[in-house]
Amino acid sequence: MKRLLIKMVSFAAAALMSFSVYAADGFTDLFNGRNLDGWVNVNCAPDTWTVSDGMIVCSGIPFGVLRTDRMYENYVIELDWKHTVDGGNAGLFLHSGSMPAPGLPFPPCFECQILDNNHGDIFGIGGPRMTPDKPHPKGMVRSLPAEDRQKPEGEWNHYRVVSDNGSLTLAVNGKIVSRAYHLSPRKGYICLESEGSLAYFKNIRIKELPGTNPPDAVVAEKADEGFRSLYNGKDLSGWKQYPGNEGHWTAEGWQLHYDGKSTAEGENKHLWSEEEFGDFVLIVDWRLPGDTVVDEVPVVLPDGSNAVDEDGNELRVAVNDAGDSGIYLRGSSKAQLNIWNWPVGSGEIWGYRTDKNMPASVRQGATPILNADNPVGRWNRFEITCVGETVTVVLNGQTVIDKAQLPGIPKRGPIALQHHGDQVQFGNIFIKELD
């Protein structure tokens with residue numbers, strides 16, 4: 001018994017000494033080795049990020065991120081990573097926003113590349129700016145590593161990154177290989193990236209350095225409170241599947257594709273959410289990828305009426321039309337936000353604008369203030385706020401519908417992505433409930 005007590009005391013002393021050394025260096029764990037407490041799965045499937053044997057395991061499917069639950073500015077972060085296949089891909093994102101950038105599966109950020117056979121780069125994704133330590137041979141804004149220090153797939157590599165007052169240094173396996181300066185933003189979330197292949201992370205720890213309380217202009221966007229993804233990038237979980245929709249509404253990684261050819265009955269051709277919602281903010285990226293054809297469409301006036309000539313004939317103009325789709329709010333086809341190529345612009349609330357029984361103010365309110373669509377074929381982003389009987393629509397950062405009154409809109413209901421017989425792609429579908 002005495003010998004056992006001596007061993008126990010020795011073990012406790014060693015553990016205390018180890019803890020003291022660990023605490024004395026100022027580092028704390030970002031990953032506790034047991035679960036994903038302190039991390040947020042932004043836009044991946046539930047099984048994309050798991051924990052096993054003290055490691056974060058990333059399946060790589062779909063593309064997306066796991067981020068910290070708070071922002072950091074100045075710090076030292078260390079982690080170990082490995083790939084198990086040739087060409088394995090992942091990344092460490094710094095100074096990240098909370099939501100994916102429009103038309104991308106990743107938030108605006110700076111990436112420290114974790115790519116088998118091509119690691120150690122520092123570059124911006126989705127708009128952030130920086131100055132590399134030396135010119136890129138192809139003129140890209142990218143800091144290339146000074147040397148190759150990666151170990152072969154199957155072996156662990158160590159990254160140490162220092163973020164300090166808008167500068168970054170990246171050390172790979174004990175030696176600095178990349179530097180970047182004048183980073184904007186210089187405060188944001190820290191993310192691990194899922195990008196197509198199995199990756200492992202462990203020993204993720206951080207030491208915070210004195211901050212500067214930077215101005216908002218150089219702080220990453222923080223739009224995370226209460227938002228959750230309605231599409232997991234892997235399958236159509238959370239969306240109703242009716243006979244005839246199979247193979248037409250499909251999960252294609254972070255993008256949700258529709259070929260326009262559902263054979264389902266009536267409104268079952270649309271893709272309906274299983275959940276119902278009351279008041280909310282909905283973010284949806286969309287794109288019309290089909291070939292354009294010349295079509296003539298009505299000229300919609302600011303009051304919601306169609307323009308006519310001196311003889312009372314409807315005026316029409318030629319457009320390059322790539323198709324038509326929309327988003328139904330609270331299960332109502334009348335409260336449909338149009339996605340199209342009409343000159344009046346997307347975001348129009350068709351059922352209210354065209355209802356001549358509605359008051360003039362309602363029809364005008366359901367008509368876009370301006371056309372904020374990106375050119376045909378490019379991604380667009382809706383931010384839709386539905387509160388009571390009012391709807392506001394922001395398209396690509398510009399308000400196109402401002403607190404439109406929608407008398408009679410249901411108090412609750414599902415969201416639908418519309419079938420209109422045309423190809424359409426959706427992505428980055430997030431909702432924040434306001435009830």
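**Close-up views of the predicted model**

**View 1. Surroundings of I327.** Leaving aside residues up to four places away in sequence, I327 touches L282, V284, A335, Q336, L337, I339, F382, I384, I415, A416 and L417; contact means heavy atoms within 4.5 Å. The model is predicted, so local features need pLDDT of at least 70 and side-chain atom pairs count only at pLDDT 80 or more, while totals for chains, interfaces and linings use all residues. Residues are numbered from 1 along each chain as its sequence is written, and side-chain values use heavy atoms, with hydrogens and water left out.

**View 2. The largest nonpolar core.** A nonpolar core is a set of buried Ala, Val, Leu, Ile, Met, Phe, Trp, Tyr and Cys residues joined through side-chain atoms within 4.5 Å. Buried means under 20% relative accessible area, exposed over 50%, and partly exposed in between (1.4 Å probe, protein chains only). The largest such core has 43 residues, and L282, I327, F426 and I429 have the most contacts inside it. At least two residues of this core come from each of β19 (255-258), β21 (280-287), β24 (325-329), β25 (332-339), β26 (380-387), β27 (390-395), β28 (398-405) and β30 (424-433). Strands are DSSP runs (E, at least two residues), numbered from the N terminus. Another core, of 35 residues, lies apart from this one and includes C44, Y72, L192 and F201.

**View 3. Aromatic pairs.** Rings of Phe, Tyr and Trp (its six-membered ring) pair if their centres lie within 6.5 Å; planes under 30 degrees apart count as stacked, over 60 as edge-to-face and the rest as tilted. By this rule there are 13 aromatic pairs. One of them, W249 with F426, is stacked, at 6.5 Å centre to centre and 25° between the planes. This pair links distant parts of the chain, with W249 in strand β18 (residues 249-252) and F426 in strand β30, 177 residues apart. W249 counts as buried at 2% relative accessibility, and F426 is buried at 0%.

**View 4. The pair W342 and W350.** The ring centres of W342 and W350 are 6.2 Å apart and their planes stand at 80°, so the pair is edge-to-face. W342 is buried, with a relative accessible area of 16%, whereas W350 is partly exposed, with 33%.

**View 5. A ring cluster.** F63, F93 and F106 are linked into a cluster by ring pairs.

How values were computed: Helix = DSSP H or I, 4+ residues; strand = E, 2+ residues; numbered from the N terminus.
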